[in-house]
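This report takes up the surroundings of one ligand and then turns to the contacts between chains. Please read it with the sequence and the structure at hand.

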Amino acid sequence: EDIVIGAAAEPSAMDPHYHNLSPNNAIRNHIFESLVGQDETQRLYPLLAESWQPLDDTTWEFKLREGVTFHDGTPFTAKDVIYTVCRIPNVPNSPSSFTAYTKAIADMEAPDDHTLIIKTDGPYPLIPTELSTWGIVSAATMGITGDIAFDRDGCTGIDSWPETDDFNNGTLMNGTGPYQFEEFVKGERLVLKKNPDYWGEVEPWDTVTYRPITSAGPRVAALLAGDVDLIEAPPVQDLPRLREDAAVDVVQGMSNRVIYLHMDQHDSETPGITGVDGNPLLDIRVREALSKAINREAIVAKIMDGVAVPAGELLPPGMFGANPLEPDPYDPAAAKALLAEAGYEDGFEVVIGTPNDRYMNDAKVAQAIAQMFTQVGLPTTVDATTKSVFFSRRNNYEFSVYLAGWGAGTGEMSSPLKALVASPIPEKGYGGTNRGRYSDPTFDAMLDEALSTVDEAAREAVLQKASAYAMEQYAILPLHFEVTPWAFRQGLTYTPRADQYTLAMGIRPAE
Amino acid sequence: MPEHTPTLAVEDLRTVFRSKAGDVAAVDGVSFSVDRGEVLGLVGESGSGKSVTGFSIIGLVDPPGRVAGGRVLYKGRDLAGLSEARMRALRGREIAMIFQDPMMTLNPVLRIDTQMIEAIRAHERVSEKAARARCRDALGRVGIPAPDERLTAYPHQFSGGMRQRVAIAIALLNAPDLIIADEPTTALDVTVQAQILYEVQALCRDTGTALIWITHDLAVVAGLADRIAVMYAGKVVETGSTDQVLDHPMHPYTHGLIGSVPSENRRGQRLSQIPGMTPSPLALPSGCAFRTRCPRADAACRQPPDMVERVPGHAARCFHPHLTGEAVEVPA
Amino acid sequence: MSQSTDAPAIAESPAATDYDALSEDVREMEEGSAATLGTQTPLRRFLSDFAESPLAVGGFVVFVLVALLAVFANVIAPQNPYDLMQLSILDGNLPPGAPSANFGTYLLGTDDQGRDMLSAIMFGLRMSLAVGAGSTVIALAIGLSVGLMAAYFGGWLDTIIMRIVDIQLSFPAILIALILLSILGKGVDKVLIALVAVQWAYYARTVRGTALVERRREYIEAAQCLALPTRRVVFRHLLPNCLPPLIVVATVQVAHAIALEATLSFLGIGVPITEPSLGLLIANGFEYMLSGQYWISFFPGVALLVTIVSINLVGDQLRDVLNPRLRR
Amino acid sequence: MLVYFIRRLTQSVVVVFLMAAIVFLGVYAIGNPIDVLINPEADQAERAAAIARLGLDKPLWEQFGIFLGNALQGDLGTSFVHGTSALTLILDRFPATFELAVAAMLMAILVGIPLGVIAGLYPDRAVGRIIMGGSILGFSLPTFWVGLMLIMVFAVFLGWLPAAGRGDTVDLAGVPVSFLTWDGLSHLFLPALNLALFKTSLVIRLARAGTREVMLQDYIKFARAKGLTKRRVVGVHVMKNIMIPVVTVLGLELGSVIAFAVVTETVFAWPGIGKLLIDSIGNLDRPVVVAYLMLTVFLFIVINFAVDVLYSILDPRVRLSDTKG
Amino acid sequence: MTAAPLLRLEDVSKRFVKHLDFAEKIANRLGAHIREQVVHAVDHVSFDVGQGEVVGLVGESGCGKSTLGRVVAGIHPQSDGHVYYRDRDVAAVRAGEGAEAKRYALGVQMIFQDPFASLNPRLRVRDIVGEAPRVHGLVDEGSSLDDYVDDVMRRVGLDPAFKRRYPHQFSGGQRQRIGIARALAVKPEFLVCDEAVAALDVSIQAQVLNLFMDLRADLDLTYLFISHDLSVVEHLSDRVVIMYLGRVVEIAPTPDLFAAPNHPYTQALLEQVPRIDGRKKAFTPIKGEIPSPLDPPPGCHFHPRCPHAMDRCRVERPASKPVGAGRLSACHLNDTA
Ligand SMILES: Nc1ncnc2c1ncn2[C@@H]1O[C@H](COP(=O)(O)OP(=O)(O)OP(=O)(O)O)[C@@H](O)[C@H]1O
Ligand SMILES: Nc1ncnc2c1ncn2[C@@H]1O[C@H](COP(=O)(O)OP(=O)(O)OP(=O)(O)O)[C@@H](O)[C@H]1O
Ligand SMILES: [Mg+2]
Ligand SMILES: [Mg+2]
Ligand code: NI
């Protein structure tokens, strides 16, 4: 049986290491498996590695699965893993590579074909997580015949690197996954067919076709018209109707993405606030007032049509490192009082920056917040632009308050905390997206500790503490967690995923 | 010629245009006839209804205009009641028409041969080759040198005089019995006009085709026409032989018209002039349409005058005509 | 020259004629000529020609109504949808006719922000019309001066200007607007700039075309012969006679500009969301179309349609009325 | 002819160069692509590496120089997002857009010309008025809105036609086309209709105005006086004359149809260059945007040329050497 | 005729040149032979017009009458030669500023052919007539502009009551009167009438011609009367200048010319003018048509159509030579005779 998926976005390339982008990664999962898998809630499970364990604080041992073959029949060995790690920094023109997930690897050895020893510079608990983010390609297919050895500054035994184009046309599309590559016509379709010799359970679908339909309306229409069997990201507004429709079904699941407001806490000068001297956002009372002015329930109910969950911290409950914390209650009176207490009883004018095509209803949420801010005495306007412009401007610190979202790619609390809350310290890779420039040594120390604790339970506790601290400081205002819906024709089911990927492996005939 | 049917007899023709203010008669009770081989000069100032008369005869009055009354007898047959298909079969075959502006009468995007051959083939089943031969012939007859090459040319490659000749050649293609020429030389230079007049004269003489030559230039018809009909405000006000009309005009309008032509007067002196201006058909004076400009008008003129043949073959629509014996006075 | 010798020639003048038996006829003729030649000024003649098509008159009336709604939006509209103090998100997505505690009845429903759609449409109309008409007027002014300059002075100035116009015109409007707006960013002013940039060349070309024709007219030569200053010839003689085709182009362009703005907003690069134009309202509601919340998109769509159609109806009739080639 | 070619060629070179400069500098002034492209979890070092990989660390004029140099060799750059040659990327998708545009144009011509001629022949009758009313409507409806309505009606409510996508294609001389298969045709219909609507109105108007004007000409009266049938008068004399403006305008409009496909392709998920452009602008995939625009410039030059040639064939009064611009 | 001519043309030429553009020059480099297109619209013309005289300028379409008229009226500058007005070189006068330049500019006025195109449709008659006097401050102190306009209108036979009307509200004849009034309003001495009655009906034409004659008598005006209608010229003018393809072929006092035309072209022309008293005349046309002014025949321009053409006519341009009292003719036949 065949299945057609209406995709909201298209992979930019077939090369699994070319672009660290959701659609690419989702497709990659079908063809090129990684050592470690992430399940629907992004918990790790063994995939090509049967097991792993830290030998000491800086050494990890991975046992690879035996009897796994690539689509062309050649067996999968540790050499393929080493080759893959060697290749990742060497993808020509890559706009966003996976080096972030390999640079912790200081050294790598394969005592035998199915054992892998990985060394890190310091304690690095995220190794298994990071190994779940990239897929393994076949060294033989890439033209490697001899031996290769890993070296951080350049592997030995490899003369040339494959071209991205050869992935797109299928020549190099040789993985171990449950699906094989069939055809990729950019903008039109991507066809996969089942791998009958898969080491695990063989998939029920003969072919899987991804059709990019980027506009939401037509995507829904295509499902209703029977052109596609399943669509991702149906607009939330349509969900009630789709639920009523007997011919289609809807599932939804909490995603790893939090929508938040960042506030400029860098300096006494801030560009987007007028009507007052200095930067009121440096005052924690003001930040708290802002948080209390936001009616998260109303946003979720009215703007998100219930397809979201109010957020009290940066990672949804149940995920690694989440406390969970209750969202700040809506209390405009308290907000006004706090503002008055901070000396801003006359208010000030705020501009909220937001993209308008990046997150679900992003600009609408920002407008709703503007409404709420205005109603506590802070006349607010929304500066909504397309994502490309928004991100450039945000990165130039042109906003005092902006709305954005963060999806925890690794599925644990360290991801949002490190990127959004930690002080911007490039060497440590901290604060890469902390464009509010909240900076607090106490917090940074907590994060340092979490990132060097290899023991899982201890690490989770530290992360929970760090998260709670950041929330107390109102370093950042979480708004809600996106809930991701999928809609499909009657007779199918889909297992919702926190990472929002649409995987054919999750589609099953309904009982 | 009592028992003889003229090639064309127009009787009491009335053509009206619908306008906001109601029907306006552009042609109002026009009667005249043309015989085989005869040239009738239809003279009148701008807007007097000459062209509309021509179009009414050939059945090409377009909405908002329509022929509202009278008869058009072509060889005794009334064309007014004919179906569009019958009329079409007649057009170009029995009755041909030539227009004023040679620059505009030929379709600029079609070759000359296309435009000529289709005129033949609209009426007869002839081979392309035979038709082409006839076209060449016709071009030769109107004095176009090297007709073979000319056939494959486009109109814009021709001068105005040449184009008018082509138009005449097209009119001649099916050897019609009547040609209506609507000011065909007005837009041309004198020397070219002379050439065309020369050729038309010769053709009518040779083929016996009847010709209605519409013009506002008395001098042109003086040399060409056998008879003249003078129109004023949609009516024929005077008809007669060329000599009768030009030498002894009865109607004060004709009289004034002739007096207005400069060459007839002594050099450097004031011309006799008709006062006022041509009235618009929307607002004609009651009775005789000319009375407001007429030096002879009196109370009687408030009634419409009839056409009265006071001299054999010479009729005028006036209560106070200049009659023979009265000298043609040249007002100073 | 004495009056009497010339009396017949000026029979048009009642003063020159004795009121004898003929006087009545003369007067009759006077009236006659007045009736045909009309006592109308060009404006009145134009109006009566225009009124010939009831459809166009209807279009005009509708347009005037629409324009009034737009201009007095802040007076008539039950709500100022741009004022966040007046909105309540709790009233979001209410269907038409829904009552509300803190507002009254939402006749046309509300959008997700709790904006009263009726008010939003009025203000949206205002925005759309302002952007459409504003850009047209500015583009017209630019195109007019540039085109006139090219036509009147000719030579290399003409060549350069017309080459630029050619290049500009050979690029589809939407592409230019798209690129410009992605460079400039959002905002009413930016949209205005983009629309002006898209339109001015049309006017320049139209003006130049007409001006080249008009320039060869004898009345221009007469003006030159009378040694009138160049500025006067250009602005008092040439310019007014180049206007009719321009008016036609402008009317049609207003409609186009409104539609283009709507399309740009639909593509997400138009006016800011906090001050939605009709196009943006439609685009916002676009997502709700299938879910049965038709009113968010439907009513602005109808308003947009009515506006554009009425303008086009007017423009169409103008084209017929002002086209000298169709009137005999 | 020779003069014409020289004039055209020099103009084209100037236009292409100017457009290259404007487009390149304009597009490169927008945002910073790395901000969009890179995974947010990447750190500063990784950002810097990516910036260097894409050559964005060089000064603007140097980037422009490199671009020009490559462009002269037929290389319009490599897509930031897709990592493949921008030109190939566009050319791969071009047939889809071209097919759509041509289908829309054909529809517009086949429907628009007869209707326009009828409306021009009977401007005062009910038919004429109805056609003109319809054309005003078609003129006024924004494309995106019509597209959605079409989907709603034909795909969702009636279920007659597919809602989106391109459908099966068949290779015709190496180019995939969809009009040869039933599935392809059914996918093509709605988007083509959507795109054609505006142009149909335009054609109706052109044809109507042309007909009205031509019908008033003496040569039509003369043709009728020759005794030609109405069919021939309208079919040959009128038609050939109105084809001149129609073909000229339509030729030029072909370009704008291709551009306007942006909207239709977005609504119908048609895998053409319009969608690619929108996506590329969104992703700040500068090389693709620039290549697209350069290709459009080129296309326009070609189309203009073709229109000129066609024009001179249709209208014997025009010789190519006379046409400027 | 008065001694000193009011206007004197000396070897005046007017060429319209379509220059080669960039592309054409390159094409020539590549071996194409594209020449500049030159129209000798007026080709070395000399004659004079005395004070109070009416000179008729006759010729067929495209022979350069209007162009010459425009040169005289100062709308186009001549390419060659000199125009003297009251013995002053006009080019020099015009180059200067002030009263003198203005005096010439206003002293010579033009009446146009097309009564529709020659009036600005958007101005009222009052403005059409009154604009120039106001701009140039010609109206005497005291009397108002309105009175002045009324005066001028009355003079051309228009009822001043109509001065608030627009041109389209008048008939062709009346419009032509407005055009005349506009010219008269700046008190000219010299009128160039370019086919000023050609577009009018015979009866109206007579009215306007009478007006011209009255004005001449009343205001001592001098006319250059351009027409292709020989009978009109014969009626009105004292002397006639005949042009053919940009050149003057014959100049003679009107009675002499019509009595005994000298140049073969003049003869043919006179022969072919239809006359109301020429009944049932057998037309005997001259052969051929007027050649294109872009590519005129060499030698005497008329030789391809001339029944008397000799070899010499084909190569040598005949000079204008006196052939009688006040008569000039440019024909080689006069040498042989
Ligand atoms: N299509 C039309 N609609 C309304 N009235 C018309 C139409 N055609 C002609 N007329 C009227 O009919 C009258 C006669 O016109 P016609 O063309 O026959 O005049 P004419 O004698 O041929 O003049 P001219 O010498 O200018 O050609 C005019 O007053 C004109 O206004
Ligand atoms: N502005 C111009 N540019 C180029 N050629 C011109 C221009 N004006 C006139 N000519 C040419 O000069 C020649 C003489 O033109 P002109 O108008 O003076 O002739 P005309 O004797 O007045 O003719 P008509 O009797 O038709 O008015 C014509 O061949 C014409 O094409
Ligand atoms: Mg006529
Ligand atoms: Mg002239
Ligand atoms: Ni010379």
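## The shell around ligand 2

Among the elements around ligand 2, α2(E) gives the most to the shell, with 3 residues, where helices (H or I, at least four residues) and strands (E, at least two) are DSSP runs numbered from the N terminus. Both β2 (37-50) and α2 (65-73) of chain E supply at least two residues each to this shell. The model is predicted, and local features need pLDDT of at least 70, while side-chain atom pairs count only at pLDDT 80 or more and totals for chains, interfaces and linings use all residues. Residues are numbered from 1 along each chain as its sequence is written, chains are lettered from A and ligands numbered from 1 in the order in which they are written, and side-chain values use heavy atoms, with hydrogens and water left out.

Ligand 2 is surrounded by 13 residues, the closest being Ser61(E), Gly62(E), Lys65(E), Ser66(E) and Thr67(E); a residue is counted as near if one of its heavy atoms lies within 4 Å. By class, the shell holds 5 nonpolar, 5 polar and 3 charged residues, with Ala, Val, Leu, Ile, Met, Phe, Trp, Tyr, Cys and Pro taken as nonpolar, Asp, Glu, Lys and Arg as charged, and the others, Gly among them, as polar.

## Polar atoms at the ligand

An oxygen atom of ligand 2 is 2.9 Å from an N or O atom in the side chain of Ser61(E).

## Chains B and E

Among the 8 pairs of chains that touch, chains B and E have the most contacts, a contact meaning heavy atoms within 4.5 Å. Here 51 residues of chain B are in contact with 44 residues of chain E. The area buried between the two chains is about 3,800 Å², of which carbon and sulfur atoms give 56%; buried area is the accessible area (1.4 Å probe) that two parts lose on being put together, summed over both. Val190(B), Thr191(B) and Arg267(B) supply 17% of the area that chain B buries against chain E, more than any other three residues.

The rule finds 1 salt bridge across this interface (a side-chain nitrogen of Lys or Arg within 4 Å of a carboxyl oxygen of Asp or Glu), and the side chains of Arg270(B) and Asp214(E) meet in a salt bridge at 2.6 Å, N to O.

## Chains D and B

The contact between these chains takes 21 residues from chain D and 28 residues from chain B, and the area buried is about 2,300 Å², with carbon and sulfur atoms giving 61%. Lys221(D), Phe222(D) and Lys226(D) supply 29% of what chain D buries against chain B, more than any other three residues.

Across this interface the rule finds 4 salt bridges. Asp62(B) forms a salt bridge with Arg224(D), the closest N and O atoms being 3.0 Å apart, and the pair runs from the loop between α1 (50-58) and β4 (65-74) of chain B to helix α9 of chain D.

Technical notes:
A polar contact is a pair of N or O atoms within 3.5 Å; within protein, one must be able to donate a hydrogen and the other to accept it, and residues adjacent in sequence count only if both atoms are side-chain atoms.
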